[in-house]
Amino acid sequence: MRRVSRIAIAGVATASLAVALSACGGSSTSASSGGSAKTKGIGLAYDIGGKGDQSFNDAAYAGFQKAETDLKISGRDIEPQDGESDADKVQRLEQLAKAGYNPVIGVGFVYAPAIKEVAAKYPKITFGIIDDEQDKAANVADMVFHEEQASYLAGVAAAKATKKNHIGFVGGVDIPLIHKFEAGYVQGAQSVNPKIKIEKQYLTQTPQEGGFSSPDKGKDAAEGQIEAGADVIYAAAGLSGQGVIQSAASHKVWAIGVDSDQYKQDALAKYKDYILTSATKDVAGAVYNLAKSVADGKPATGVVRASLATGGVGLADSNPAFKNNADLQAALKKAEAGIKDGSITVKTS
C-alpha cells in the first residue's frame with residue numbers, strides 16, 4: 001500500500017499582488033473573436049486572495065510555472081480585484097483569450113459564469129475552471145476534486161493527534177464546496193472517536209465578504225475554538241487559513257493546512273512546527289496537465305475529477321512529528337485503503 005499521498009508543489013509564489021497583467025514574454029499571436037487554434041502559452045486568472053496565499057492560488061501558480069518551464073511556453077497570470085463583479089472576470093478572461101493564450105484557466109468556482117460566457121465567444125480556445133463542473137461546453141475542462149476524501153484523512157489525523165478529544169473546523173465561506181471539507185473531516189474524526197467534540201465555524205456567507213481572503217477573520221475564529229478547548233484545528237479557508245495557523249502556533253496547538261503543503265511554505269515557516277499536516281489537492285497538476293494537453297494538440301475537456309485513488313488528493317507528510325507517528329500512520333493507511341476499495345464512502349455534506 002502506498003504511503004498517504006503527498007502532493008509536491010513546485011515553486012513558491014511571491015506575496016506581491018498586482019491588478020495589472022504580468023507578462024512573461026513570448027511572441028504575440030492575437031486571436032480574433034471566435035478564437036484561434038494557435039497559442040502563445042497559458043493564461044491564468046486567480047481566485048479571491050490572489051497569488052501569495054500559500055494555498056489554493058499558489059498551487060495554481062506552481063502548475064503555471066511548471067507549464068512554462070517544462071513545455072517551454074510563455075504565460076500571463078492576472079490578479080483579482082477587491083469587490084469585483086462577474087463582468088470584471090469576463091473582461092479578465094477575454095484579455096487572455098484575445099491575446100492568444102490557450103488554455104485560459106479560471107482559478108476557482110467564482111469564475112463559472114465568466115467561463116461560460118467567454119468560452120462561447122472563443123470556441124477554438126480551451127478554457128479550464130478549477131472547483132466547478134457546471135459548464136459542459138465542448139471547449140471547457142471542469143477540473144474538480146474529491147476534497148472530502150483528503151478531509152476524511154485529516155479528520156482521522158486530528159482525532160489521533162488531539163489530547164483533549166476536542167478539535168475544530170474553520171470554513172472560509174458557507175457554501176457547498178466547503179461543506180465537502182467539513183463533512184469529510186467530521187466523518188473521519190468520528191470514525192476514530194464517535195464522541196469527539198468538534199467546533200465548527202464559517203467565516204462568511206459569501207466570498208465577497210472576505211471569507212477566503214481575511215487572515216484576521218481566520219485568527220479570530222481559531223482563537224474562539226481554542227478558548228473553547230480545541231487543540232487541533234483544520235482550516236479550509238484559503239488565505240484566511242494563515243490566521244488560523246498563526247493562532248494555533250501562538251497557543252501551541254495543532255493546525256491542519258489545506259490545498260498546498262503549508263508546512264513547506266516560506267511565508268509560514270515560523271509556524272511550521274505546529275502544522276501537523278495539510279489536506280492537499282493537486283491544483284498544480286490540474287493546471288499543468290491541461291496546458292500540456294493543449295500543447296500536445298489533444299485538449300482535455302469535460303469533467304476531470306481527481307481523487308485519492310488517482311493521487312490527486314491526500315495528506316502531506318512533511319512534518320516529522322506527523323510522518324513518524326506510527327499509530328497515526330497506521331490509522332491513515334487503513335482509512336486510505338477503505339476509501340480506495342469502496343468500503344468507506346465519504347460524505348460530501
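The lining of the largest cavity is made up of 11 nonpolar, 3 polar and 5 charged residues, where Ala, Val, Leu, Ile, Met, Phe, Trp, Tyr, Cys and Pro count as nonpolar, Asp, Glu, Lys and Arg as charged, and the others, Gly among them, as polar. Before I go on, please keep in mind that this is a predicted model, in which local features need pLDDT of at least 70 and side-chain atom pairs count only at pLDDT 80 or more, while totals for chains, interfaces and linings use all residues. Residues are numbered from 1 along each chain as its sequence is written, and side-chain values use heavy atoms, with hydrogens and water left out.

Let me stay with the cavity. Rolling a probe the size of a water molecule over the atoms shows where empty space is left. Here a cavity is a set of points, on a 1 Å grid over the protein atoms alone, where a 1.4 Å probe fits but cannot get out, and lining residues have an atom within 4 Å of a point. Grid points are joined across faces, edges and corners, and a volume is the space filled by probe spheres set on the points. The structure holds 3 cavities of 30 Å³ or more, and the largest has a volume of about 180 Å³. Its lining comprises 19 residues, and Phe56, Ile178, Phe212, Gly238 and Asp259 are the ones nearest the centre.

Which helix gives the most to the lining of the largest cavity? That is helix 5, with 3 residues, while helix 1 (56-70), helix 5 (176-192) and strand 10 (254-259) each supply at least two. Helices (H or I, at least four residues) and strands (E, at least two) are DSSP runs, numbered from the N terminus, and the chain has 10 helices and 13 strands.

Helix 5 is largely enclosed by the rest of the structure, because 12 of its 17 residues are buried, meaning under 20% relative accessible area with a 1.4 Å probe and protein chains only. Among these buried residues are Ile178, Lys180, Glu182 and Gln187. The 17 residues of helix 5 should span 24 Å at 1.5 Å a residue, and the end C-alpha atoms are 25 Å apart, which agrees; the expected span is 1.5 Å times one less than the number of residues.

Turning to helix 10, its 16 residues should span 22 Å, and the end C-alpha atoms lie 23 Å apart, again in agreement. The buried residues of helix 10 include Leu332, Ala335 and Ile339, and the cover over its buried residues includes helix 4 (147-161), strand 13 (313-315) and helix 9 (320-323).

Is Ala335 buried or exposed? Ala335 counts as buried because its relative accessibility is 7%. Leaving out residues up to four places away in sequence, Ala335 touches Tyr152, Leu153, Val156 and Ile344, where contact means heavy atoms within 4.5 Å. The C-alpha atoms of Ala335 and Ser191 are separated by 9.1 Å, although the two residues are 144 residues apart along the chain.

Finally, Glu94 sits in helix 2 (residues 86-98) and is buried, at 15% relative accessible area. Across the 349 residues of the chain, 60% count as buried.

Note on methods:
Buried means under 20% relative accessible area, exposed over 50%, partly exposed in between (1.4 Å probe, protein chains only). On a 1 Å grid over the protein atoms alone, a cavity is a set of points where a 1.4 Å probe fits but cannot get out, and a pocket is an open set with protein on both sides within 12 Å along at least five of seven lines; lining residues have an atom within 4 Å of a point.
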